[in-house]
Amino acid sequence: MSSVEFKGYAVTDTNKWSQFSVIDFQPKKFEDTDVEIAITHCGVCGSDLHTITSGWGEVPLPLVVGHEIVGKVTRVGSKVKEFKVGDRAGIGAQIGSCYSCRACKTDNENYCSKGVETYASKYPDGTLTQGGYSTAIRGNEQFVFPIPDKLESRDAASMLCAGLTVFSPLVRNGVGPGTKVGIVGIGGLGHYAVLFGKALGAEVYAFTHDNRKVEDIKKMGADQVTVTDDKGEFANDLAQTLDLIISTRDVAEGMPLQQYLSMLWVHGRLVTVGLPDQPLPQLSAFDLNPNGCYLGSTHIGSKKEAVQMLQLAADKGIKPWIEELPMKEAKQAVERLKRNDVRYRFVLTQDLA
Amino acid sequence: MSQVEFKGYAITDANLWTQFNLIEYQPKTFDDNDVELRIAYCGVCGSDVHTITQGWGQIPTPLVVGHEITGQVTRVGANVKEFKVGDRVGVGAQIGSCYKCRACKEDQENYCPSMIDTYNAHYPDGVFAQGGYSTAIRANQQFVFAIPENLPLRYAASMLCAGLTVFSPLKRHGCGPGKKVGIVGIGGLGHYALLFAKAMGAEVYAFTHSNRKMDDIKKMGADHIIVTGNNPDFAKPLQMQLDLIVCALDVGKGMPLKDYLSMLWVHGKFVMVGLPDEPLPEMKAFDFLTGAFLGGSHIGNKKEALEMLQLAADKGIKPWIEEMPMSKAGEAVQRVKNGDVRYRFVLKQDISPIDID
């Protein structure tokens with residue numbers, strides 16, 4: 001039985017969304033299937049920002065966000081097989097599901113209609129989930145991922161949402177040698193898509209509207225880097241070329257969606273991992289039928305994919321481009337993220353305990 | 001060398017889209033890869049109406065529409081091995097492509113960027129393609145389909161666009177035993193989707209706006225019928241249940257797309273085969289969070305056309321058609337515009353009639 005305390009940096013007023021106050025909070029009631037983790041690192045995700053600014057809707061307060069969590073196991077329930085005290089483990093954007101539906105039984109737990117999110121979500125018993133800008137967390141074993149020895153905690157942290165969210169559609173859509181993948185928007189998620197796309201053996205075409213990032217993106221390994229504008233002429237040379245496009249764009253206004261779709265080979269797919277507050281640009285059926293393309297989204301990834309991803313990262317020495325800050329600097333991190341002033345992910349180091 | 005004449009019922013004034021006038025016109029310049037046929041029947045497609053009403057854009061006149069064509073071969077080019085004079089054949093919504101790009105080489109000729117539509121398109125040599133409300137047509141053999149012996153030409157006709165346009169996505173998405181397939185909109189295309197999906201062994205959920213068509217839809221074999229009009233919660237009982245939805249609605253903005261997407265199992269596809277004049281509904285990325293996809297589709301390839309026709313012949317699939325003389329094209333297109341058809345018009349060529357079944 002551990003004696004971790006549960007304290008975190010919380011937002012108490014969404015009108016003052018970058019002001020964090022330390023609070024004590026009630027964790028999930030510990031169950032036989034749970035793993036408890038003393039947090040060492042937590043990445044800062046765009047979701048955190050969408051949430052605390054109430055861009056995605058009202059939120060319960062006070063709220064501790066953060067769902068790119070790594071730490072050390074301090075306690076395991078009697079039914080837990082995979083972990084023991086002292087192991088390094090992580091938790092991403094999901095922390096529960098129903099465990100019994102078709103989705104849960106087919107390695108699609110990230111699509112369970114009763115999924116519980118790592119923060120701002122409720123367990124069946126009413127407990128509010130509080131996230132990883134904190135000292136500790138408890139989660140069902142299904143949502144706890146082992147961190148390979150060769151992968152440092154600070155590098156693994158932001159893989160658990162950003163990394164997994166792009167890794168899942170990459171592998172589910174057959175990305176590998178011989179395939180051409182476009183990545184639109186090279187930020188936290190986008191840079192992971194470039195790194196993983198290359199690690200999986202694909203030819204990677206990166207699209208950014210910021211020409212200051214071109215050198216970095218080449219260093220990340222992209223085969224081609226295109227600086228885009230909202231008119232979309234850049235798409236003409238790549239008509240019917242790409243097998244898959246992952247769009248990480250967090251802003252729908254001015255998005256040249258038709259032009260992106262036109263770059264897809266027959267039955268190619270554009271998967272938007274970005275979840276803008278606003279509606280997508282309006283499409284007509286004629287934007288989809290010249291190449292029979294598909295538009296879709298995706299939700300995090302399964303545990304199988306998380307484990308596969310972490311192992312790939314360890315094996316290939318994949319290093320994300322992160323900037324570390326102490327957790328008490330969460331204010332700076334979220335404000336700079338709002339201004340897009342990050343290359344390419346903040347990772348907070350836990351400093352409360 | 002045949003002596004067919006090329007005459008057809010054309011729109012000569014785009015403002016009078018139900019008034020067809022008989023014209024003579026220049027056909028495609030015959031080449032070694034071509035097949036020429038006398039037309040027996042031509043189906044009336046929604047595309048014909050979208051085109052002549054200029055819902056899809058301005059048209060040149062005179063214009064002969066029609067791209068669900070069946071008839072009899074009268075002439076074949078020197079390179080044509082598959083057909084001989086007298087064969088029963090059909091031509092659908094595409095009549096040419098480039099034959100050399102990646103799409104053409106990978107059985108995706110229906111996605112060739114240089115594709116030539118059966119009407120309202122130009123050949124590379126400038127000749128204007130006129131459609132099947134006419135006596136005859138010439139087409140590259142790639143776009144000519146043999147009609148099985150036991151499939152009457154009047155049934156095969158509307159399979160060549162309506163049928164193929166739904167058969168291709170059904171086939172490409174594994175429609176078959178164990179699969180739950182939704183068909184939205186039971187009109188010309190939708191009723192074919194229903195008939196084919198059942199023939200392929202799937203469990204079919206038919207979505208229709210009102211009660212009007214319920215008896216027909218039962219007879220067509222739908223396993224489940226869901227009326228969507230005045231029923232805002234229609235999708236709730238079917239959350240994440242369907243593997244595939246083929247949407248043959250001619251409706252854009254007004255369609256409850258989010259509700260349809262919510263009925264798809266993880267990574268299920270909603271394939272929009274309808275091509276409304278207006279845009280699709282507003283969408284948010286959140287509408288796709290079950291991993292569902294929204295897609296388009298364009299006709300089908302020749303392999304699929306032949307497979308479809310063989311399936312129809314083998315299973316005795318009979319479309320629900322209403323036959324009319326070709327001279328009544330004006331009445332047919334008006335009734336299609338009004339949605340007053342059970343479930344496809346087929347025009348019998350009456351300019352220089354041909355006696356063939």
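Modeller: Start with strand 3 (residues 34–43) and strand 4 (residues 69–76) of chain A, which pair in the antiparallel sense over seven bridges. This is a predicted model: local features need pLDDT of at least 70, side-chain atom pairs count only at pLDDT 80 or more, and totals for chains, interfaces and linings use all residues. Residues are numbered from 1 along each chain as its sequence is written, chains are lettered from A and ligands numbered from 1 in the order in which they are written, and side-chain values use heavy atoms, with hydrogens and water left out.

Biologist: What makes strand 3 and strand 4 of chain A a pair?

Modeller: Two strands pair if DSSP finds at least two bridges between them. Here there are seven bridges, so strand 3 and strand 4 of chain A count as a pair. In one of these bridges, Ile37(A) has Val73(A) as its partner.

Biologist: Which strand of chain A pairs with strand 4 over four bridges?

Modeller: Strand 5 (residues 88–91) of chain A, in the antiparallel sense. Gly71(A) stands opposite Ala89(A) there. The strand numbers come from DSSP: helices (H or I, at least four residues) and strands (E, at least two) are runs numbered from the N terminus.

Biologist: How do you know that chain A and chain B touch?

Modeller: Contact means heavy atoms within 4.5 Å. By that rule, 40 residues of chain A are in contact with 40 residues of chain B.

Biologist: What is the area buried between chain A and chain B?

Modeller: About 3,400 Å², and carbon and sulfur atoms give 67% of that. Buried area is the accessible area (1.4 Å probe) that two parts lose on being put together, summed over both.

Biologist: Which element gives the most to the side of chain A that touches chain B?

Modeller: Strand 14 of chain A, with six residues. By class, that side has 18 nonpolar, 17 polar and five charged residues. Ala, Val, Leu, Ile, Met, Phe, Trp, Tyr, Cys and Pro count as nonpolar, Asp, Glu, Lys and Arg as charged, and the others, Gly among them, as polar.

Biologist: Which strands of chain A and chain B pair over three bridges?

Modeller: Strand 15 of chain A and strand 17 (residues 293–296) of chain B, in the antiparallel sense. Leu295(A) stands opposite Leu294(B).

Biologist: In which sense do strand 12 and strand 15 of chain B pair?

Modeller: Parallel, over four bridges. Val184(B) has Cys247(B) as its bridge partner.

Biologist: Which peptide bond of chain B is cis, with omega near 0 degrees?

Modeller: The one from Thr61(B) to Pro62(B). Pro62(B) sits in the loop between helix 1 and strand 4 of chain B. In chain A, the bond from Arg343(A) to Tyr344(A) is cis, with omega near 5 degrees.
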